[in-house]
Amino acid sequence: QVQVVESGGGLVQAGGSLRLSCAASGSFFSVYAIAWYRQAPGKQREAVSTITSGGTTYYADSVKGRFTVSRDNAKNTLYLQMNSLKPEDTGVYYCNRANGVRWNWGQGTQVTVSS
């Protein structure tokens, strides 16, 4: 079972940037498509970005052109570079498998964007 730990969140003004990291333990990290999920206050968790094992990326329309997902399989780590942040990007960010049986969810990392 893969365990994940998200980090890199914080408080930032609108227009600012943050880089999130997701460190995974366990085997076979590189074979999975992995997604960044976001849960805004009072809303359901949603996927905002996905990267396949081959490096193909997908983005929700709301973050397209502002967020960039990447992965370092040698380090078992996933990243999310977030630029031009907006107040509506506020939420707790998680990483997990993009499909199939999800791993146990980590604690996530809080991102707060002030206007």
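Colleague: What makes strand 5 (residues 46-51) and strand 6 a pair?
Modeller: Pairing needs at least two DSSP bridges between two strands. Strand 5 and strand 6 share 3 bridges, so they pair, in the antiparallel sense. The hairpin of strand 5 and strand 6 has 5 residues between the strands, and Gly55 in the turn has a positive phi of about 95 degrees. A strand here is a DSSP run of E, at least two residues, numbered from the N terminus.

Colleague: What should I know about the model itself?
Modeller: This is a predicted model: local features need pLDDT of at least 70, side-chain atom pairs count only at pLDDT 80 or more, and totals for chains, interfaces and linings use all residues. Residues are numbered from 1 along each chain as its sequence is written, and side-chain values use heavy atoms, without hydrogens and water.

Colleague: How do you know that strand 4 (residues 34-39) joins strand 5?
Modeller: Strand 4 and strand 5 run antiparallel and are joined by 5 bridges. Ile34 stands opposite Ile51. Between strand 4 and strand 5 the hairpin has 6 residues, and Gly42 takes a positive phi near 75 degrees.

Colleague: Why are strand 2 (10-13) and strand 6 (57-59) at the edges?
Modeller: The open sheet holds 6 strands in the order 2-10-9-4-5-6, with mixed pairing. Strand 2 and strand 6 each have a single partner strand, so one side of each has no neighbour in the sheet. On average, neighbouring strands of this sheet are turned by 25 degrees against each other, direction ignored. The axes are lines fitted to C-alpha atoms; angles run from 0 to 180 degrees between N-to-C directions.

Colleague: Why is the link of Cys22 and Cys95 called a disulfide?
Modeller: The cut-off is two cysteine sulfur atoms within 2.5 Å. The sulfur atoms of Cys22 and Cys95 are 1.9 Å apart, so the pair qualifies. The whole structure has 1 disulfide. The pair links distant parts of the chain: Cys22 is in strand 3 (residues 18-25) and Cys95 in strand 9 (residues 91-97), 73 residues apart. With 60 degrees about the S-S bond, the link is right-handed.

Colleague: Why does Asp89 count as buried?
Modeller: Buried means under 20% relative accessible area, exposed over 50%, partly exposed in between (1.4 Å probe, protein chains only). Asp89 has 1% relative accessibility, so it is buried. Cys22 and Cys95 are buried as well. Asp89 lies in the loop between strand 8 (77-82) and strand 9.

Colleague: What makes Asp89 and Arg38 a polar contact?
Modeller: Their side chains meet at 3.0 Å. The limit is 3.5 Å between N or O atoms; within protein, one must be able to donate a hydrogen and the other to accept it, and residues adjacent in sequence count only through two side-chain atoms. Beyond four places in sequence, Asp89 also touches Val63, Arg66 and Phe67, among others. Contact means heavy atoms within 4.5 Å.

Technical notes:
Helix = DSSP H or I, 4+ residues; strand = E, 2+ residues; numbered from the N terminus.
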